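Keep the model open and follow the selections below in order. Each stop names what to pick and what is found there.

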Amino acid sequence: MSTRTRSRAHPDDGTTTYREALRESLREALASDDRVFLMGEDVGRYGGCFGVSLGLLEEFGPGRVRDTPLSESAFVGAGIGAALAGMRPVVEIMTVNFSLLALDQILNNAATLRHMSGGQLGVPLVIRMTTGAGRQLAAQHSHSLEGWYAHIPGLRVVAPATIDDARHLLAAALADPDPVLLFEHGSLYNAVGTLDPAVHEVDLDRAAVRRAGDDVTVVAYGGCVPKALEAAEELAGAGIGAEVVDLRSLRPLDDATIIGSVRRTHRAVVVDEGWRSGSLSAEIESRICEQAFFDLDAPVERVCSAEVPIPYARRLEEAALPQPAGIVAAARRAVS
């Protein structure tokens with residue numbers, strides 16, 4: 001069934017999807033603050049390329065949900081201008097590869113204006129974009145470039161991996177006085193779960209321990225978190241307790257949670273869908289070695305995508321990406 005034909009996939013059992021949680025967070029933001037508006041390609045009449053904004057145009061009107069021309073540089077620049085003027089824009093870039101067309105605006109304007117103005121100009125802008133592979137969209141639409149953006153001072157970079165984070169991260173991002181890039185992994189949109197009624201907000205500065213364990217720390221984010229949890233379940237069957245740390249925030253990194261976990265388990269596996277060379281996983285491994293080297297009982301393991309443009313063929317694509325089996329193998333090496 002098309003993702004555009006129903007507003008809730010499971011209306012009778014209390015569950016929701018990652019997509020619907022994102023939509024509800026947008027709806028809440030638009031309803032609670034007149035300064036908030038959504039803009040991007042196909043976010044209005046079409047309901048968003050991935051169906052996240054379905055129905056919001058009818059509910060809030062074209063002044064609050066704005067379809068834009070196919071020019072990422074232009075509409076991201078417009079979002080920066082609106083933020084400077086006191087609005088709270090949410091800009092949707094269809095997929096992360098298209099964000100490269102707006103990289104000048106993101107890097108040279110959004111990230112730098114506060115610093116180049118001596119703190120006089122803030123850019124309270126949220127940019128949402130779909131990231132990641134695993135959906136047979138071939139090399140040009142399967143990038144995981146979060147690590148590139150996490151390299152840039154002046155930006156906050158977040159990657160919600162759970163239903164609760166999808167529901168609540170946007171509010172925290174809109175409250176931030178500086179630009180926030182929100183990466184939504186495409187494989188998660190159909191993920192089904194139940195919102196925790198006790199969770200009302202998310203701390204953008206803190207990673208989350210999704211599963212406790214004593215033998216090895218598995219660090220992951222975004223679409224790799226479910227794979228890490230699946231691997232941890234398999235490892236538990238072999239008597240290996242894997243602690244799964246969901247980074248949530250990629251810039252800044254929550255060193256305290258990562259290092260605290262590694263100091264208890266004495267072993268680490270870093271899972272990153274980005275390419276291994278020059279990756280976010282390399283930064284995390286470096287920080288672990290800098291801050292907890294003498295606590296390690298084994299070298300830090302990394303599980304990353306193969307150093308190739310992501311293939312279209314399903315089996316080749318699966319082989320190129322981090323998978324639970326590879327995480328299990330890395331954890332076994334660490335504890336052996």
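Buried means under 20% relative accessible area, exposed over 50%, and partly exposed in between, with a 1.4 Å probe and protein chains only. The model is predicted, so local features need pLDDT of at least 70 and side-chain atom pairs count only at pLDDT 80 or more, while totals for chains, interfaces and linings use all residues. Residues are numbered from 1 along each chain as its sequence is written, and side-chain values use heavy atoms, leaving out hydrogens and water.

Select E184, which is buried at a relative accessible area of 1%. R128 forms a salt bridge with E184, with 2.6 Å between the closest N and O atoms; the term requires a side-chain nitrogen of Lys or Arg within 4 Å of a carboxyl oxygen of Asp or Glu. R128 is in strand 5 (residues 126–131) and E184 in strand 7 (residues 180–185), so the pair ties together parts 56 residues apart in sequence. Strands (E, at least two residues) and helices (H or I, at least four) are DSSP runs numbered from the N terminus. R128 is also buried, at 3%.

Next, select E283 and R287, a salt bridge with closest N and O atoms 2.7 Å apart. The two are four residues apart in helix 11, about one helical turn. E283 is partly exposed at 34%, and R287 is partly exposed at 25%.

Move to R333 and E301, whose side chains meet in a salt bridge (3.0 Å, N to O). R333 is partly exposed at 46% relative accessibility, whereas E301 is buried at 16%.

Finally, select D165, R210, D246 and R248, which are linked in a network of salt bridges. The structure holds 19 salt bridges.
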